[in-house]
Amino acid sequence: MVAASTVSAPRVVVVGGGVIGISCAYYLARGGARVVVLERERLGAGASWGNAGTATPGHPPLNRPGRVAQGIRQMLDPTSPLYVHPSWNPALWRWLIGFARYCTQEHVERAVGIMAPLGMQSLALFDQLIVEERIECEYRREGYYDVCATEAGLGEARHEASLIAPHGYKPETLDRDELVRREPALGPHAIGAVFHPEASSMDPARFLEQLARAAERRGVELREGVEVTSVLIEGGRATGVALAGGGIERADAVVLATGPLGLELARRLGTRIPVQPGKGYHRDIPIGPNGAPHLRIACVLNEASVFCLPMETVVRFAGTMEFSGANRVMRRPRLEQLTRAGRLYFPKIGTARPVSEWCGLRPMSVDGLPIVGPLPGVEGVSVATGHGMLGLTLAPVTGQMIANHVLATGKARLEGLSPGRFG
Ligand SMILES: Cc1cc2nc3c(=O)[nH]c(=O)nc-3n(C[C@H](O)[C@H](O)[C@H](O)COP(=O)(O)OP(=O)(O)OC[C@H]3O[C@@H](n4cnc5c(N)ncnc54)[C@H](O)[C@@H]3O)c2cc1C
């Protein structure tokens, strides 16, 4: 929260120009703050530009009973969606051990109890943003199919659906006939699906870009190519940030929205943020006779963990989870896997060249929940990271929570998300 003595329009520095940082900036400005966003590369340089563009609220975290055994099996299978690069990375191994500790049924139920209502709030905020700010990003509120190829996959999809149903979600199980009636491009591999009607989809790059413009219209200053090296603390509270190259940016409050990187900024203030970069890829295949079929709505290929997002002229295939450190090295076999999985479920995909190939680093928290709220031990520093596979989904509600907390304008509802929860 900003100091009580602060004049009516506090100055807030947001570090990081991904979808989380821009959402925080937008809602802070909407709440009356003077905001500057400092981004060390360019807006969307992290995971926010090329993701699968689907707001999929309510889903349980990756930490689930049985996940460790499944993970070990997948690590031994080069065609699986999971890849852990064999190298000595103590932070990663500490994180993996911590992750395993949260793979309990009790944790899943607690996490769904937190995430399901947040997801609903975020969807409502998306609907509001799209209309009020006239954001044109191919936004479609038409749901998505969780398409399964095995009885085991369908069983798991139905179990997940049963967890979110008590929170107001209305998932619907579809048998193969009904699924193919609705999505004729699917081949014989698909045996059924769960349809999630609440979800929405969009072009994530256009959403980010236009939300940034909306923030600018509300007075937010966006500065690219500016790296923050530390948070300045005087008398136990934040007074600004230091910049690479020597400058200083003064502020009444600082929000760290640096995705999976830049976490040393919090560590130097005494709080360890247990987040690892989880690399994912996309491949955009042009729609056409020799390319991708025209899908009606988004779908996830359950067993392959690949999202398929129909966009204006392409279908985006996005997924895979690679733990190989903080780098953007593109591994060709991981990209090939996206097309291979796509062809299994959609046999008519042709050989047209992809028009875009990309990778980005998801901020994977150790317990699968976002890390949002004030840093313990110092005044005026907040964190918003750790959204993993749901950063786009939860961006609006995260921005609103941070603004409510920083400006003390409403109930921040940060229970269970605190950066101090890891001890
Ligand atoms: C393949 C793939 C598919 C995905 N699909 C979906 C999906 O369908 N739906 C969904 O909800 N989510 C999805 N995600 C996850 C989503 O993309 C991320 O959770 C989200 O983008 C995280 O946003 P962020 O703003 O926290 O981080 P980022 O986008 O990484 O932004 C952080 C920014 O901070 C900057 N930064 C870091 N350190 C500093 C510093 N010291 N000074 C200044 N700037 C700094 C970085 O340059 C970066 O631009 C997907 C991710 C991937 C990889």
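This note comments on selected salt bridges in the predicted model.

1. Basis of the comments. The model is predicted; local features need pLDDT of at least 70, side-chain atom pairs count only at pLDDT 80 or more, and totals for chains, interfaces and linings use all residues. Residues are numbered from 1 along each chain as its sequence is written, and side-chain values use heavy atoms, with hydrogens and water left out.

2. Overall count. The structure contains 27 salt bridges, each defined as a side-chain nitrogen of Lys or Arg within 4 Å of a carboxyl oxygen of Asp or Glu.

3. Pairs within helix H6. Glu178 forms a salt bridge with Arg181 (2.9 Å, N to O) and another with Arg182, where the closest N and O atoms are 2.7 Å apart. Helix H6 spans residues 176-182 and places Arg181 three residues from Glu178, about one turn of the helix; Arg182 and Glu178 are four residues apart, again about one helical turn. (Helices, H or I, of at least four residues and strands, E, of at least two are DSSP runs numbered from the N terminus.)

4. Arg181 is exposed at 56% relative accessible area, Glu178 is partly exposed at 23% and Arg182 is buried at 19%. Buried denotes under 20% relative accessible area, exposed over 50%, and partly exposed in between (1.4 Å probe, protein chains only). A network of salt bridges links Glu172, Glu178, Arg181 and Arg182.

5. A pair between strands. Arg283 and Glu357 form a salt bridge with closest N and O atoms 2.7 Å apart. This pair links distant parts of the chain, 74 residues apart: Arg283 in strand E14 (residues 275-286) and Glu357 in strand E18 (residues 356-365). Arg283 is buried at 5% relative accessibility, whereas Glu357 is partly exposed at 28%.
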